[in-house]
Amino acid sequence: MELYEEWLQLADDIGLHVMENMPFDSQAKGLIYGDCIGLNRTIKTATEKACILAEEVIHSQLNTGNIIDQRLSGNLKQEHVARKVLHRHLADLQIIVSLLKAGYTEPSEIAEKMGITEYLLSEAISGYREEYGIFIQLDDDILFFEPTVILKSQITD
């Protein structure tokens with residue numbers, strides 16, 4: 001099952017209705033109101049559509065009220081939390097490590113294998129760098145976030 005279909009099913013399972021190809025007046029790619037998710041007709045790829053749908057489903061579970069105005073600190077905080085959860089779901093560090101071990105080193109390759117946009121992968125890596133610093137140890141591996149994503153296997157005695 002493709003990522004988009006998985007998120008469509010999850011949306012349906014929790015009682016959300018998804019409307020595609022909506023003509024938005026705003027630049028938003030996706031919006032949620034009540035139990036309806038609208039996806040903008042300007043979304044260009046199925047991969048982007050999957051990422052946008054996943055974000056809106058996550059918003060439905062985490063956020064309260066209208067958070068469109070990101071100038072308000074409470075709205076910005078809710079957006080940040082939702083993006084962090086999105087990254088954990090779609091750009092999981094363990095999956096990134098396994099792809100690096102399999103020889104995928106280019107962000108475009110990694111994103112494609114994960115079924116996400118390169119933009120979302122880049123945003124997730126930036127978020128992980130903010131949270132963990134320049135590296136994180138995962139089991140016997142060290143994942144560096146700077147200057148690019150690099151995996152080093154740890155040598156144990």
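Helix H4 (residues 93-101) has Leu93, Ile96, Val97, Leu99 and Leu100 as buried residues, buried meaning under 20% relative accessible area, exposed over 50% and partly exposed in between, with a 1.4 Å probe and protein chains only. These residues cover an arc of only 165° around the axis, which puts them on the same side of H4; the arc is that of the directions from the helix axis to the C-beta atoms. An α-helix has 3.6 residues a turn, so residues three or four places apart point the same way. The buried residues of H4 pack against helix H5 (107-114), H6, and the strands E4 (135-138), E5 (141-144) and E6 (150-153). Contact here means heavy atoms within 4.5 Å.

The model is predicted: local features need pLDDT of at least 70 and side-chain atom pairs count only at pLDDT 80 or more, while totals for chains, interfaces and linings use all residues. Residues are numbered from 1 along each chain as its sequence is written, and side-chain values use heavy atoms, with hydrogens and water left out.

The chain contains 6 helices and 6 strands, and along the sequence their pattern is α-β-β-β-α-α-α-α-α-β-β-β. Helices (H or I, at least four residues) and strands (E, at least two) are DSSP runs, numbered from the N terminus. The C-alpha trace spans about 55 × 35 × 25 Å along its principal axes. Of the 157 residues in the chain, 35% are buried. Among contacts between residues at least 6 apart in sequence, 42% join residues at least 24 apart.

Side chains of opposite charge can pair when their charged atoms come close. The whole structure holds 8 salt bridges, a salt bridge being a side-chain nitrogen of Lys or Arg within 4 Å of a carboxyl oxygen of Asp or Glu.

| Salt bridge | Closest N to O distance |
|---|---|
| Glu20 and Lys49 | 3.6 Å |
| Arg83 and Glu123 | 2.1 Å |

Glu20 and Lys49 form a salt bridge. Glu20 lies in strand E1 (residues 17-22) and Lys49 in helix H2 (residues 46-62), so this pair ties together parts that are 29 residues apart in sequence. Glu20 is partly exposed at 34% relative accessibility, and Lys49 is partly exposed at 22%.

Because Glu55 belongs to helix H2 and Arg83 to helix H3 (residues 73-90), the pair ties together parts 28 residues apart in sequence. Glu55 is buried, with a relative accessible area of 8%, and Arg83 is buried at 15% relative accessibility.

Arg83 forms a further salt bridge, with Glu123. This pair links distant parts of the chain, Arg83 in helix H3 and Glu123 in helix H6 (residues 118-132), 40 residues apart. Glu123 is partly exposed at 21% relative accessibility. Through shared partners, salt bridges join Glu55, Arg83 and Glu123 into one network.

The chain carries 13 positive and 26 negative side chains, and the centres of the two sets lie 5 Å apart. Lys and Arg count as positive, Asp and Glu as negative, while His and the chain ends are not counted. Each charge is placed at NZ of Lys, CZ of Arg, CG of Asp or CD of Glu.
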